[in-house]
Amino acid sequence: MSYHMDQILEADSIDIVKEKVTAALKEEGFGVLTEIDIQATMKKKLDKAYPPMLILGACNPGFADKVLSIDPNMTAMLPCNVSIRQLPNGKFEVSAIDPEAAMVPVGKEEIKPLAREVKEKLAKVIAALA
């Protein structure tokens, strides 16, 4: 079982891709809670050059509430990460975690249908980028 879903995009910059991803997430009820700039972090902490790369922490509050009502320890699995990275050919890969693959093995039975629904929403986000 794959742990992520992805799409390859052509764009002039990572900022343009981030705008598209953020808009697609919003259409499915997600907001971006966190943003980690891997390129800047690795340069600052390790003085190592990385291509443009971001991790967006996406959250759908309604689903987060349902999951946390079942198992408060699932906070360790939230938010859903969506990454954007520039490939060597200049294109960008957008990759989203598969919540079903991530949450089902560690969660309770009641979480399975919720993880499936979130997976379907994130799959729509990825498909909308094509």
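First, the ground rules. Residues are numbered from 1 along each chain as its sequence is written, and side-chain values use heavy atoms, with hydrogens and water left out. Because the model is predicted, local features need pLDDT of at least 70 and side-chain atom pairs count only at pLDDT 80 or more, while totals for chains, interfaces and linings use all residues.

Let's start with the sheet. Helices (H or I, at least four residues) and strands (E, at least two) are DSSP runs, numbered from the N terminus. Two strands pair if DSSP finds at least two bridges between them. Here five strands form an open sheet, in the order β1-β5-β4-β3-β2. The pairing is antiparallel. Which strands stand at the edges? They are β1 (4-9) and β2 (31-37). Each has a single partner strand, so one side of each is left without a neighbour in the sheet. Neighbouring strands are turned by 20° against each other on average, direction ignored. Angles run from 0 to 180 degrees between N-to-C directions, and axes are lines fitted to C-alpha atoms, for helices over the stretch in contact.

Look at β1. Six bridges join β1 to β5, residues 92-97. D6 stands opposite S95 in β5. On the sheet packs helix α2, residues 38-46, touching β2 and β3 (53-59). Contact means heavy atoms within 4.5 Å. The direction of α2 makes about 35° with that of β2.

Now the helix pair. Two packed helices are described by the angle between their axes and the distance between the axes. The axes of α3 and α5 (residues 111-128) come within 10 Å and cross at roughly 160°. The two are therefore roughly antiparallel, the word for angles over 145 degrees. Which residues meet? From α3, F63, K66, V67 and I70; from α5, I111, L114, E117, V118 and K121. By class, that is six nonpolar, no polar and three charged residues. Nonpolar covers Ala, Val, Leu, Ile, Met, Phe, Trp, Tyr, Cys and Pro; charged covers Asp, Glu, Lys and Arg; the others, Gly among them, are polar.

Last, two loop residues. D71 is found between α3 (61-70) and β4 (80-86). Buried or exposed? D71 is buried, at 10% relative accessible area. Buried means under 20%, exposed over 50%, partly exposed in between (1.4 Å probe, protein chains only). Leaving out residues up to four places away in sequence, D71 touches K108 and I111. N60 is in the loop between β3 and α3. N60 is buried too, at 12%. Beyond its neighbours within four places in sequence, N60 contacts E28, G29, F30 and K121.

Terms used:
Parallel < 35°, antiparallel > 145°, perpendicular 65-115°, else oblique.
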